[in-house]
Amino acid sequence: MTASTHWLATACAQAVLERGGNAFDAAVAGAFVLHIVEPHLNGPGGDMTGVFVTASEPDAPRILMGQGPAPENATIEHYRCQGLDLVPGSGVLAAAVPGAVDAWLVLLRDYGTWELPEVLAFALGYARDGHPILGRVVATINSVATLFAEHWPTSKAQWMPNGRLPQAGDLVTNAAWARSLDRLLAAAAESSVATREGRIDAARLEWREGFVARAIVDFGRTAHRHSSGTDHAGVMTLADLAGFEADIEEAVTVEFRGYTIAKTGAWGQGPALLATLMILDGFSDEYLDPSTARGVHTILEAQKLAIADREAYFGDTTVPLNYLLSSDYAATRRALITDAASHEFRPGTVPGHTPYHPVLRTEYTTEALSEQGAGASAGVGEPTVAAPASAAPTRTVAEPETLSTGELRGDTCHIDVVDRWGNMVSATPSGGWLQSSPTIPDLGFCLGSRLQMTWLEPGAPSALTGGKRPRTTLTPTLVLKDGQAVTALGSPGGDQQDQWQLLYLLRTIVGGYTPQQAIDAPAFHSTSFPGSFWPRTWEPGGAVVENRLGEPVITELEQRGHRITRAGDWALGRISAVTREPQTGLLQAAANPRGAQGYAAGR
């Protein structure tokens, strides 16, 4: 079974499974297709995080770590001297060392079975021969057309050839990326190591130290426009690119209602979901129903507390997770939840640690925004629903593609695969979307903007530090029962990723929903914390809901003090999932219907 955020990625991954490949072969093939067909949501210059189990060790969840660090020269002092008080949301100063490609190749080398040319054939075909471009990609290009025309000519050349905006359904190619894939495959074929693993490592080495690395560094030396409205050159070096290798790590887990939930370490936001579950585990089931006002209120309040701790303690540093995920600590946090919505930022107290309190901005204006309007920020961020401009207690925002400001944010992709043997993987590729930074013409892709999640304040656990990973929002989930993986799931959506996944977990584990019912049900999320993406504002007491939640529920939430934004009937969440019943071997898959783009398939 395969489920992903684009039908072509699902179809290609499923084709691998049908031809005898395993879940890891299929996931890598699908992921490289996602680079092509969802270029407004991810790219080869971005990052990724995965969680998986193997059929031989079904009780040992592992993390595929594809989050690159900040370049060594990316220092707070350098950015402050550039006149910045936040890391920009677009432009190469926001770029971490790209980690996605190396991570996928590590997964293929260590756990896959196919040769590299077979796996990359799908993506190479779409890059060279073309694929029908999505209307959403066209809308994204249109939103940054002025930026491309005035400041990013290489992006204009790639995405608006001959100065013309493509139309939805046009066949588009990426010849430069096709040539890059060919060169990586040539490096693998010419390897002196006569093993499948050696050939894959040769391609990895060409990426880290060969033509890819050289083109990235050379291109970054030229200053270009950032979301700050100012021009800057990059700081990435050949040593930065050569020094990063993706890795496999142990997962962090908690028990909830008899299930084991596996997430990344605190260099990602995954443990915040685990902390939320620990808080909610102390409530009876009627408080955990996302279809009632009491349930929505309880869930939102628990999320605010857990995400406040994310801001206060999480980062690529020593994080007291044993304490933050303990039952005793969860009880102290649970006691703070009342019948009224909190409008405070409330991190907890951890012995021996001082919580970081970020700057709490409710608005942020730069030269770019003041001169060009809100649409100038179209290339930044990752949230599926952009922050509304109005400060009224009740607001309405449209689908992300039709926001009244013209604002269009970057997002993310996702893919889940389970095979006949019980291998299971969930992965969230992101970053390097076409609006992140200018296209590198020799490569056919741009760099990501993950460093916008770091702070320019010394002492913050996620402060910008050369060689340290930014605290990523990428957060796929694996669920185990009695020592066997039963569900792999995930969602795009920045800070909303785990909030939407929490609803899925509550509805399936507590509510008894089927996977598709849980994905289809009305979604909501909190905005009552500093956003992870530029311009890093927050909305005290804010919550975004789908209208289908129902007017009586929404009215009661407002009466409890939540500042509600109505997002439309089908606007929030892009979850996909695959499941396996260990006793019978029955496989299932489910995908998000919102936007008519995600797809689940299998047999």
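Rings of Phe, Tyr and Trp (its six-membered ring) count as a pair if their centres lie within 6.5 Å; planes under 30 degrees apart are called stacked, over 60 edge-to-face, and the rest tilted. Ring pairs of this kind link Phe 24, Phe 52 and Tyr 111 into a cluster. The structure is a predicted model, in which local features need pLDDT of at least 70, side-chain atom pairs count only at pLDDT 80 or more, and totals for chains, interfaces and linings use all residues. Residues are numbered from 1 along each chain as its sequence is written, and side-chain values use heavy atoms, with hydrogens and water left out.

**The sheet**

- An open sheet has 7 strands in the order E8-E3-E2-E13-E12-E1-E21, with antiparallel pairing; strands (E, at least two residues) and helices (H or I, at least four) are DSSP runs numbered from the N terminus, and two strands pair if DSSP finds at least two bridges between them.
- Strand E8 (247-250) and strand E21 (599-601) stand at the edges with a single partner strand each, so one side of each is left without a neighbour in the sheet.
- Neighbouring strands of this sheet are turned by 15° against each other on average, direction ignored; the axes are lines fitted to C-alpha atoms, for helices over the stretch in contact, and angles run from 0 to 180 degrees between N-to-C directions.
- Strand E2 (residues 47-53) runs antiparallel to strand E3 (residues 62-66) and is joined to E3 by 5 bridges. Val 51 stands opposite Ile 63 in E3.
- E2 also pairs with E13 in the antiparallel sense, over 7 bridges. Here Met 48 stands opposite Pro 429 in E13.

- Strand E13 (residues 424-430) is mostly covered, with 7 of its 7 residues buried; buried means under 20% relative accessible area, exposed over 50%, and partly exposed in between (1.4 Å probe, protein chains only).
- In a regular strand the side chains alternate between the two faces of the sheet.
- In E13, Met 424, Ser 426, Thr 428 and Ser 430 point one way, while Val 425, Ala 427 and Pro 429 point the other way, and all are buried.
- Strand E12 (residues 415-418) pairs with E13 in the antiparallel sense over 4 bridges, and Val 418 has Met 424 in E13 as its bridge partner.
- E12 and E13 form a hairpin with 5 residues between them, and Gly 422 in the turn has a positive phi of about 105°.

**A covered helix**

- Helix H13 (residues 270-280) is mostly covered: 11 of its 11 residues are buried. Among them are Gly 270, Pro 271, Thr 276 and Met 278.

**Aromatic pairs**

- The count comes to 9 aromatic pairs.
- One of them is edge-to-face: Trp 177 and Phe 445, at 5.4 Å centre to centre with 90° between the planes.
- This pair links distant parts of the chain, 268 residues apart: Trp 177 is in helix H9 (residues 175-189) and Phe 445 in the loop between E13 and strand E14 (477-481).
- Trp 177 is buried, with a relative accessible area of 1%, and Phe 445 is buried at 4%.
- Tyr 323 and Tyr 329 form a tilted pair, 5.3 Å centre to centre with 50° between the planes. Tyr 323 is partly exposed at 34% relative accessible area, whereas Tyr 329 is buried at 4%.

**Charges over rings**

- The charged end of Arg 183 sits over the ring of Phe 211, 3.9 Å from its centre; such a charge has NZ of Lys or CZ of Arg within 6 Å of the ring centre and within 35 degrees of the ring normal.
- Arg 294 lies over the face of Tyr 287, at 4.7 Å from the ring centre.
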